[in-house]
Amino acid sequence: MTVPPGQHVHPELAPFLASLPPFADPYKDIGAAREGFRALLASNPADRSGIRSERFDIPRADGSALTVEVYRPEGAEDAEGAEGAEGAEGAAQGGALPAVLHFHGGGYAIGRSLPGQDRAAIALCRELPAVIVTVEYRLAPEHRYPAGVEDCYLALEWTARRAAELGIDPERIAVTGKSAGGGLSAAVALMARDRGGPRLAYQSMCVPDLDDRVAEEPIPADAAASPGAADAAPDPRLNSLRTIRLTWQHYLPEGAAADAYAAAARASDLSGLPPAYVLVCDLDPLRDGGLAYARRLMDAGVPVTVRNVPGAWHGFELYAPETRIAKEMTAHWRGHLRAALYPEAEVGPGVE
């Protein structure tokens, strides 16, 4: 595979390169791409033990409804009085738990979980513990920017407004997501600041797609000249770059330039934002944009934790979930999210 000078595929991940699929344009038949994703999810149901969830419809201004699903640990409402119970730090807040709004990835076009089956939400719900709100935001290309991000912000307002009813501590609300979900997390944090909305305790962004200018990065001449050859021997870096180009082409309105709520890296002022976590992967075309955004947050006085996964590509954990490097990455970002929401708790796994 083609990698930047001085970079290498992590030895643990090298055996998985051969299993990567060739590049395919999901937008050629977005309906079929979504159906394929749903079928894959349905073939391997999530373990919901110890978790319950409820779906809600939030009215939009145009009369349509945004669906969110609220996941919470079973018995969480009984946390008050559970003295000394491991993982029940919510009792310190009168039984209220922190909340995390989880925005799924998928190029702003795919990635929605089946009802009650959001694996990331279930894992966070158990491990933090927290109330997790998943957001079924409108998808491109049928609904281009700003539809998706406005849905995410609407979900934040709804969550904060109903905090008492949902058993949420309003002072401990965070946003998180991977890839497009990371970009949406960054944008919602900006919107909350600019609109005087709910105050976020944390923004956690994993391999975030938050700068449309990454799509302008040139594809190496040898790959561009022989796309068939590149597809025959899948190169995750180049395939990610192709996908990023298509993502922004179909997410932004035709002929429109990105603004700060479409691409958070376009924001001129990053001061006053909540503490942040930015995770990037070495061989991801989104790496440099994520690192640049993290540096700008630091320069604006925002506390930031940065983690780079060496020798890894965008979405590597989907193909190599049992590798040490994938488990360490997951433990790290979950651990820092937990530490941000439970600042008085003992430092857990993955937090350095």
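Student: Why is S179 called buried?

Tutor: Its relative accessible area is 14%, and buried means under 20%, with exposed over 50% and partly exposed in between (1.4 Å probe, protein chains only). So S179, at 14%, counts as buried. Before we go on: this is a predicted model, where local features need pLDDT of at least 70, side-chain atom pairs count only at pLDDT 80 or more, and totals for chains, interfaces and linings use all residues. Residues are numbered from 1 along each chain as its sequence is written, and side-chain values use heavy atoms, with hydrogens and water left out.

Student: What makes the phi of S179 worth a mention?

Tutor: It sits near 55 degrees, a positive value in a residue other than glycine. Most residues other than glycine have a negative phi, and most peptide bonds are trans. S179 lies in the loop between β5 (168–178) and α5 (180–194); helices (H or I, at least four residues) and strands (E, at least two) are DSSP runs, numbered from the N terminus.

Student: What is the phi of V207, and where does V207 sit?

Tutor: V207 is not a glycine either, and its phi is positive at about 35 degrees. You'll find V207 in the loop between β6 and α6 (221–225). With a relative accessible area of 8%, V207 is buried.

Student: Which peptide bonds are cis?

Tutor: Two to look at: L128 to P129, with omega about -20 degrees, and Y145 to P146, with omega about 15 degrees. P129 belongs to the loop between α2 and β4, while P146 belongs to the loop between β4 and α3.

Student: How do you know that D47 and R126 form a salt bridge?

Tutor: Their closest N and O atoms are 3.7 Å apart. A salt bridge takes a side-chain nitrogen of Lys or Arg within 4 Å of a carboxyl oxygen of Asp or Glu, so at 3.7 Å the pair qualifies. D47 is in the loop between α1 (30–42) and β1 (51–59) and R126 in helix α2 (residues 119–127), so the bridge ties together parts that are 79 residues apart in sequence. D47 is partly exposed at 48% relative accessibility, and R126 is partly exposed at 37%.

Student: What makes E254 and R144 a salt bridge, and why is E254 called exposed?

Tutor: The closest N and O atoms of E254 and R144 are 3.9 Å apart, which makes the cut-off. E254 is in the loop between α8 (236–251) and β7 (276–281) and R144 in the loop between β4 (131–135) and α3 (147–161), so the pair links distant parts of the chain, 110 residues apart. E254 has 71% relative accessibility and therefore counts as exposed, whereas R144 is partly exposed at 22%.

Student: How many salt bridges are there in the whole structure?

Tutor: The search finds 22. One of them joins D282 and R287, with closest N and O atoms 3.5 Å apart, and D282 counts as buried at 14% relative accessibility.

Student: How much space is in the largest cavity, and what classes of residue line it?

Tutor: About 60 Å³; grid points are joined across faces, edges and corners, and a volume is the space filled by probe spheres set on the points. The lining has 1 nonpolar, 4 polar and 5 charged residues. Here Ala, Val, Leu, Ile, Met, Phe, Trp, Tyr, Cys and Pro count as nonpolar, Asp, Glu, Lys and Arg as charged, and the others, Gly among them, as polar.

Student: What about the second largest cavity?

Tutor: Its volume is about 40 Å³, and its lining divides into 6 nonpolar, 2 polar and 2 charged residues. V207 is part of that lining, as are W313 and M329, among others.

Key: On a 1 Å grid over the protein atoms alone, a cavity is a set of points where a 1.4 Å probe fits but cannot get out, and a pocket is an open set with protein on both sides within 12 Å along at least five of seven lines; lining residues have an atom within 4 Å of a point.
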